[in-house]
Amino acid sequence: MQLSYKDEEMMLADQARRYLQTEYSFERRRTRQADGGHDPKVWRSFAEFGWLGLAFANDYGGIGLGAVSILALAEEMGRALVLEPFLEAVIEAGTLIETGAAPEHAAALIKPIIAGDSIVLLAHTEADARFHPHHVEASATEKGGSIRLSGRKNRIAHAQIADTFIVSARETGGPRDAQGISLFVVPSDRVTIVNPATPLIDGTWASDLVLDGVDIPVSARIGAAGAAAPILEAARHRAILGMLGMSVGSMTALVEQTGQYLKTREQFGQPLSEFQILRHKLADMAIWTERARSAAWLAANALAGVSNTQHTRRSIAVAKAECAVAGRMVGQTAVQLHGGIGTTEELEVGHYFRSLESMGVRLGDRTYHLAEIAGKLGTT
Amino acid sequence: MQLSYKDEEMMLADQARRYLQTEYSFERRRTRQADGGHDPKVWRSFAEFGWLGLAFANDYGGIGLGAVSILALAEEMGRALVLEPFLEAVIEAGTLIETGAAPEHAAALIKPIIAGDSIVLLAHTEADARFHPHHVEASATEKGGSIRLSGRKNRIAHAQIADTFIVSARETGGPRDAQGISLFVVPSDRVTIVNPATPLIDGTWASDLVLDGVDIPVSARIGAAGAAAPILEAARHRAILGMLGMSVGSMTALVEQTGQYLKTREQFGQPLSEFQILRHKLADMAIWTERARSAAWLAANALAGVSNTQHTRRSIAVAKAECAVAGRMVGQTAVQLHGGIGTTEELEVGHYFRSLESMGVRLGDRTYHLAEIAGKLGTT
Amino acid sequence: MVAESNTEDKGFGGIDQAFHDEVAQFVSANLPADIARKVDINAPLNKDDYVRWHKILHSKGWAAPSWPVEYGGTDWSLEQRLAFEEICAEHSAPRLPQFGVGMLGPILISRGTDEQRKRYLPKILSAEEWWCQGYSEPGAGSDLASLKTRAVREGDEYVVTGSKIWTTYAHYADRMFALVRTDSSGRKQQGITFLLLDMRSPGVSVRPITGINGQHVVNEVFFDNVRVPAKDRVGEEGEGWAVAKALLGHERTGIARVGFCKKQFALLTQISSRLDITGKRLLDDPVFAQKLAALSADIEILEWTNLRVLEAVANNRGNGSEASVLKVIATETQQRITELLFEAAGPASLDLAAADGPLPEEDSAYVSSFYFDWRKASIYGGSNEIQRNIISKTVLKD
Amino acid sequence: MVAESNTEDKGFGGIDQAFHDEVAQFVSANLPADIARKVDINAPLNKDDYVRWHKILHSKGWAAPSWPVEYGGTDWSLEQRLAFEEICAEHSAPRLPQFGVGMLGPILISRGTDEQRKRYLPKILSAEEWWCQGYSEPGAGSDLASLKTRAVREGDEYVVTGSKIWTTYAHYADRMFALVRTDSSGRKQQGITFLLLDMRSPGVSVRPITGINGQHVVNEVFFDNVRVPAKDRVGEEGEGWAVAKALLGHERTGIARVGFCKKQFALLTQISSRLDITGKRLLDDPVFAQKLAALSADIEILEWTNLRVLEAVANNRGNGSEASVLKVIATETQQRITELLFEAAGPASLDLAAADGPLPEEDSAYVSSFYFDWRKASIYGGSNEIQRNIISKTVLKD
């Protein structure tokens with residue numbers, strides 16, 4: 001059990017905070033947001049700091065750090081509201097490859113990721129999936145040594161900058177069966193990118209992808225045919241962990257900024273911080289943030305520890321459900337305490353709020369995760 | 001549509017308030033509570049004021065007033081936390097008789113009620129019913145001109161003082177069918193009263209009733225055989241209306257008393273009423289009370305207007321669901337704002353709180369009534 | 001003042017069917033479909049949308065129901081006016097900005113000069129002139145009376161310098177009615193004057209403020225020695241606070257927005273009724289249905305609270321905090337609606353609808369935009385914290 | 001002080017299984033069934049119940065785990081002590097009143113005289129003497145330091161006059177530790193002295209206070225010229241506030257009560273698992289199950305917050321408001337549990353269990369009693385309003 005950062009994790013966080021404070025100020029972020037969020041120079045720095053290799057095994061040239069390190073770094077990224085696809089292209093896609101692909105295949109994919117030369121994204125969600133983790137209508141048909149992919153992927157964030165997609169497609173079964181899903185590595189130039197710059201609430205862009213009978217070699221498959229569900233789950237869990245860290249970082253920043261604002265701003269002849277009702281709402285923000293932090297550590301320990309599928313699933317669901325409501329309460333309250341200016345795009349507050357709501361929804365909203373818990377009451 | 005009391009209703013309320021303020025002080029109430037709540041002298045006064053005949057038709061010697069008058073009087077009873085079985089023995093049982101019984105039978109039953117000489121109670125709820133309105137396992141078997149009643153009724157408030165029960169029993173169908181339930185007039189000495197003084201949270205007593213093969217004449221049946229469901233519903237709706245009125249009266253009293261307390265009590269060198277957080281909680285109590293008042297008027301109008309079963313049902317469900325949560329919020333907050341003393345039996349606050357929670361549960365809790373609404377979404 | 005000017009039927013006996021049908025039929029027949037669609041999905045409306053609908057209502061004589069007939073209003077009761085607003089909202093008509101008809105009009109009618117009424121009322125009625133409201137100032141927050149924009153009398157003119165903020169649709173407006181400070185020696189509520197000024201005057205500039213949802217609705221307005229003729233002052237110099245306040249206390253039909261809430265509930269039902277791949281609707285999910293049930297109950301409670309408040313005020317039985325209670329209940333209900341819309345949309349809530357460009361097809365396209373934007377409801381018009389201050393004052397009678 | 005006296009393992013690496021099993025097995029084997037049943041359904045416990053269980057723990061050497069070994073304590077780490085409390089709670093052991101073992105004991109160990117330690121500690125350990133706490137006074141509320149009970153020095157004695165309120169189990173107690181005022185000239189925190197007094201002294205009287213649920217737990221205690229030997233003063237005269245405060249800041253393992261919450265959740269599951277006539281369980285109702293899921297998540301968040309807080313405090317990384325955050329989260333979670341128990345019971349929640357007499361059979365017999373009683377959790381021990389004041393102070397660093 002680990003309940004706080006160790007020295008090396010603190011060092012990682014300090015390094016990230018220092019870099020982001022100067023290089024990722026709110027004004028610079030605003031410029032990057034206008035371009036969909038990705039700045040190759042920033043990404044290059046991430047690579048140089050070793051963050052892109054943080055979680056990969058040494059064998060692949062990574063640093064081999066675990067769940068708590070991901071949490072530490074993600075917290076700083078959430079604090080700075082980083083728009084880069086760190087969770088998607090490193091944590092999520094990386095976990096997929098490392099968990100699912102054969103070592104040689106994995107090495108070939110991972111090394112350019114670590115170097116910052118390749119952006120690989122999972123293309124899994126489809127329009128009718130809602131939050132169902134196994135909803136795949138896209139089809140993969142094997143014929144004469146090659147595989148033909150057909151289907152449509154929905155709302156893939158950062159798709160416009162990916163060079164490679166890992167596409168989920170169904171080889172057998174019905175549209176929501178866990179069995180029968182496979183993952184395929186597809187170069188982005190084989191895919192039609194629709195709506196390349198559709199804005200999302202967190203400030204990034206998303207696109208739909210169309211695979212209109214794309215033929216790829218069988219060797220592009222990651223893992224065994226039809227057996228991608230557990231690989232997807234492992235990647236989803238680690239991506240959620242990253243989101244929890246980012247959420248906690250964002251909430252922490254909101255508590256600080258809101259406290260500062262209340263102390264600075266005067267109304268009716270005294271600082272807002274003198275009004276007890278506003279102080280109590282600030283206290284509520286702090287309480288929700290501590291709850292979210294507990295959720296993040298709960299998830300980190302579940303993913304760091306001995307694998308126990310039931311326990312891990314429940315832990316992730318509990319943590320994600322908690323973070324969603326905490327993020328909402330903190331975001332809403334921060335806006336309310338800032339008053340009019342909190343409802344504009346000019347202040348960071350609204351951006352944090354939108355980003356928190358985004359993380360509350362992505363990979364399953366609170367209702368979805370509570371239903372996961374409810375479905376297993378009494379089984380742990 | 002009526003949205004406030006007319007002069008005659010205000011006069012009724014004033015009369016009730018004056019009487020109850022002097023004759024139903026908290027100290028007197030405490031004495032009566034030790035005896036299960038009923039005081040024959042108080043009941044006699046109710047009769048003399050005409051309150052027991054308030055809602056009955058002129059034909060039966062009543063005053064023939066409608067839903068809004070019930071609301072007005074109930075509000076005062078809630079304000080004074082009256083323990084008498086006014087809702088049960090007058091509104092609920094009275095509605096059953098007036099709606100269901102043949103005129104002569106009705107007259108024979110109603111006149112002594114109005115005079116204060118007879119206490120008639122509905123014996124309907126059974127142990128496994130939860131809130132199901134048609135749960136009746138007690139059986140009624142007709143044989144040779146008489147009917148044999150067998151079964152058990154659960155948690156009948158004030159049973160120890162009733163001279164007559166109106167017992168629901170099933171003639172046909174399964175335990176939760178709407179069809180097949182009949183109502184029978186049974187003298188209380190034909191019934192075995194179990195646990196005659198089991199305390200309820202609202203300060204009254206309840207008992208279980210056992211009917212161990214009680215033979216009664218067919219003429220004891222109210223209405224047609226097996227057709228009691230709509231009669232029960234009409235009585236339930238009016239009893240709920242009365243509870244809404246009582247709840248609003250109790251909440252109004254709690255807002256006033258809590259405001260007074262905050263002004264009187266000092267802490268950290270100033271009256272509690274100077275603390276903004278406590279002021280806002282008091283404001284919340286006032287807001288919830290106004291919501292509950294709206295609920296009560298919504299219900300009163302639904303019951304006063306042209307009968308439309310779907311509309312009436314939804315209105316009652318909306319109002320009851322609202323009053324339950326409002327009563328809880330007002331009760332809990334009143335206790336919290338009173339601090340330690342609010343958690344004792346010595347102050348009225350706790351008694352109001354318990355009574356409000358009781359009314360929140362009786363005849364269906366919030367969850368039950370929300371489910372009623374949910375089941376009919378889009379049908380009104 | 002306005003609310004009581006022609007309320008013969010204070011009993012709220014219910015709207016007669018003929019009136020209801022006439023309004024409903026007129027809206028159904030005359031509301032342009034493109035505007036209705038925007039309203040249905042909470043897409044942003046532009047000036048042209050508002051003006052088109054205003055002119056259609058004007059052609060029917062319904063552009064300013066609350067005004068006396070002599071100025072082009074109606075003889076409707078308060079109840080009818082409320083019903084009119086609600087029926088319009090339920091039938092997808094946009095809520096027209098109220099700065100001209102709802103706010104300045106009544107002020108001019110009760111406090112203006114004949115000349116002012118003749119000059120301004122007809123063009124408000126016809127939508128030829130668009131007004132904006134210059135009350136809030138940077139740094140003032142809920143402390144409205146602390147305003148600092150100065151107006152100095154020079155001969156027949158006032159010279160105005162300062163700035164206003166949160167000015168809704170200032171970028172559409174031809175004119176502004178504004179509170180300015182002509183004297184700072186007394187209490188902060190004193191020395192305030194009510195002026196009508198031309199947005200095209202030299203020295204007026206407008207800075208757009210982008211909302212949290214990316215849309216441009218409010219603005220900051222700067223005045224650099226803007227000259228306003230003294231005849232465009234409403235009321236006496238230094239009595240502007242009373243002029244503004246007389247209105248604030250009386251215009252209550254617009255707080256609850258019950259029709260709007262019902263419309264949103266319809267959208268929510270529609271979004272939740274989409275069949276998924278397994279043939280199920282979100283509406284049939286018991287957990288979601290329970291939330292919908294609670295929300296529909298909340299809307300009904302809001303509706304009855306609104307009716308009770310209006311009836312109490314019409315009969316002078318108010319205690320003074322009714323508008324505050326109503327505002328809290330209304331905005332909390334509305335915000336709860338936006339939350340449930342956001343939830344119902346599922347992953348589609350991740351999309352941030354563009355502020356302009358072609359209208360998206362999906363019913364849920366604007367749910368997140370609406371959710372984020374509507375946080376303002378508990379801030380503007382006196383924050384809900386201020387409303388609770390007022391309510392507690394009334395309960396404590398201090 | 002106490003919390004840090006023997007915490008070698010500050011890493012919270014997890015409790016080893018052997019320790020866990022030993023505690024669990026001991027409790028299972030030795031806890032009297034009648035006590036366990038009372039605990040299971042939240043029935044009131046009497047003095048005999050508490051003393052029986054205390055003596056059983058004492059026989060095993062576990063009556064005062066937080067004390068140093070030399071006084072009869074254990075060498076357990078903070079983590080083990082926490083685990084001990086939680087395992088006991090999960091296995092239906094009652095939470096013993098902490099006035100002797102948890103509060104006075106550590107005070108005497110750190111601030112008492114040798115004579116006081118010798119005189120009092122053994123009888124606390126053996127449960128021969130029952131202590132109560134005399135801090136709160138009528139009229140003081142959360143403003144503890146405003147106490148007025150006076151103690152006047154007369155030779156070798158103090159003469160105490162005044163009253164205390166909310167004194168838990170004063171009617172069971174042999175002795176009381178009390179804060180009294182020996183000087184009222186300075187700041188209200190000054191001039192307070194910490195005394196140990198005999199409840200059987202002439203001049204002590206106890207008035208029972210009946211709780212909102214009809215049970216008698218707390219009391220008002222009156223002192224009419226009660227004579228207390230000066231040797232029963234702990235610390236110096238006038239330093240009682242510091243003596244009391246040193247403890248308040250350090251005893252944190254008892255705030256969260258995670259084991260208690262889990263136990264309540266088990267009761268909730270049990271009540272919700274009853275088959276109704278249609279063969280369904282409330283547990284399977286999707287709406288209720290979702291509420292249970294949210295509650296079980298809340299309890300897990302409480303558990304991890306508790307672990308994080310204890311680890312931070314053990315490693316001196318606290319910011320000072322941890323206990324307040326924990327208290328708010330814990331009491332709100334506990335109160336939510338009582339609400340859901342109340343709901344699960346359905347009509348049975350209408351019954352008010354008797355304060356004495358034979359134990360009812362139903363699992364749900366005490367749900368309403370517990371629900372009403374537990375409103376005190378957000379009032380006692382520093383109301384949640386006070387806790388939020390503290391938290392905001394920390395955030396604002398003022």
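**How the chains meet**

Of the interface residues of chain A, 100% are also interface residues in chain B, so the copies meet through the same surface. This is a predicted model, in which local features need pLDDT of at least 70 and side-chain atom pairs count only at pLDDT 80 or more, while totals for chains, interfaces and linings use all residues. Residues are numbered from 1 along each chain as its sequence is written, and side-chain values use heavy atoms, with hydrogens and water left out.

**Contact between chain A and chain C**

- Chain A gives 39 residues to the contact and chain C gives 45 residues (contact means heavy atoms within 4.5 Å).
- About 3500 Å² is buried between chain A and chain C, with 57% of that area from carbon and sulfur atoms (buried area is the accessible area, 1.4 Å probe, that two parts lose on being put together, summed over both).

**Salt bridges**

- There are 5 salt bridges between chain A and chain C (a side-chain nitrogen of Lys or Arg within 4 Å of a carboxyl oxygen of Asp or Glu).
- Arg155(A) and Asp351(C) form a salt bridge through their side chains, at 2.8 Å from N to O.

**Symmetry of chains A and B**

- Chain A is superposed on chain B by a rotation of 180° with 0.0 Å of shift along its axis, at RMSD 0.0 Å (least squares on the C-alpha atoms of residues with pLDDT of at least 70 in both).
- That is the relation of a two-fold axis.
- Within chain A, Ile277(A) has the C-alpha nearest the axis, 2.5 Å from it.

Methods: Chains are lettered from A and ligands numbered from 1 in the order in which they are written.
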